[in-house]
Amino acid sequence: MIYLELFWSFCKIGLFSIGGGYAALPLIQEAVVEQTGWLSMGEFADVVTISQMTPGPIALNAATFVGIKVAGIWGALIATFGCVFPSIVIVLFVAYLYYKYRSLSVIDGILYGLRPAVVSLIASAGVGILLMAFWTDGVVSLANTDLVAVVIFAAAFILLRIFKKKLNPIYVILSSGAVGILVYSLLGA
């Protein structure tokens, strides 16, 4: 039964995560934290972090990690397949329709109409991740703010904006992780 639940949960995520992995994060959070309780909010934050650090799409990596935690290797395979199955079907169908009706202006209208929705999903995921990074208990207040995380975020953001063409984001990620290890181990957190 758990395999069917995993498949169906990630099939819905794969079906409605238009715009890629970041757009899927609120859907994944809803499915695995709020609805099923498979992960706590802290574990979800860890899954997001690991999913961003490993190669591949975030939604697929998250499906794999959640599946393995909930039901082992078979759970990982089933959740991952559930996540990609709708995409396979939809891409085949849309490619057929696009090839057949590509000259219609309504197709352009549909694509332009989807853009704002995708941007809002990505922004929602970004704000959610930001809140998890700075306030782990969910209460937004100055007293609960993780100042180390804020400083690391600000430094990484500034470096990436100033040196966007010259600085590899991988080095920023590795440096941020190293600084986090150093500072948090010194603070005993």
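## Cysteines

C11 is tucked away: its relative accessible area is 11%, so it counts as buried. This is a predicted model, and C83 is buried in it too, at 6% relative accessibility.

What keeps C11 from bonding to C83, the cysteine with the closest sulfur? The two sulfurs are 9.0 Å apart, which is too far for a bond, given that a disulfide needs the pair within 2.5 Å. Looked at from the other end, C83 is in no disulfide either, with the sulfur of C11 as its nearest cysteine sulfur. The disulfide count for the model comes to zero.

## S9 in helix α1

Helix α1 covers residues 2-16, and S9 sits in it. Is S9 buried or exposed? With a relative accessible area of 9%, S9 is buried. Setting aside neighbours within four places in sequence, the contacts of S9 are T36 and W38.

## How α3 meets α4

Now for a helix pair. Two packed helices are described by the angle between their axes and the distance between the axes. For α3 (residues 41-53) and α4 (residues 58-101), the axes come within 9 Å and cross at roughly 130 degrees. The two helices are therefore oblique to each other, and their crossing is right-handed.

Which residues make the contact? On the α3 side they are E43, V47, I50, S51 and Q52, and these meet I58, N61, A62, F65 and K69 of α4. Sorted by class, the contact between α3 and α4 has five nonpolar residues, three polar ones and two charged ones.

Note on methods. Residues are numbered from 1 along each chain as its sequence is written. This is a predicted model: local features need pLDDT of at least 70, side-chain atom pairs count only at pLDDT 80 or more; totals for chains, interfaces and linings use all residues. Side-chain values use heavy atoms; hydrogens and water are left out. Helices (H or I, at least four residues) and strands (E, at least two) are DSSP runs, numbered from the N terminus. Buried means under 20% relative accessible area, exposed over 50%, partly exposed in between (1.4 Å probe, protein chains only). Contact means heavy atoms within 4.5 Å. Axes are lines fitted to C-alpha atoms, for helices over the stretch in contact, and angles run from 0 to 180 degrees between N-to-C directions. Angles under 35 degrees count as roughly parallel, over 145 as roughly antiparallel, 65 to 115 as roughly perpendicular and the rest as oblique. A crossing is left-handed if the near helix is turned anticlockwise from the far one by less than a right angle, and right-handed if clockwise. Ala, Val, Leu, Ile, Met, Phe, Trp, Tyr, Cys and Pro count as nonpolar, Asp, Glu, Lys and Arg as charged, and the others, Gly among them, as polar.
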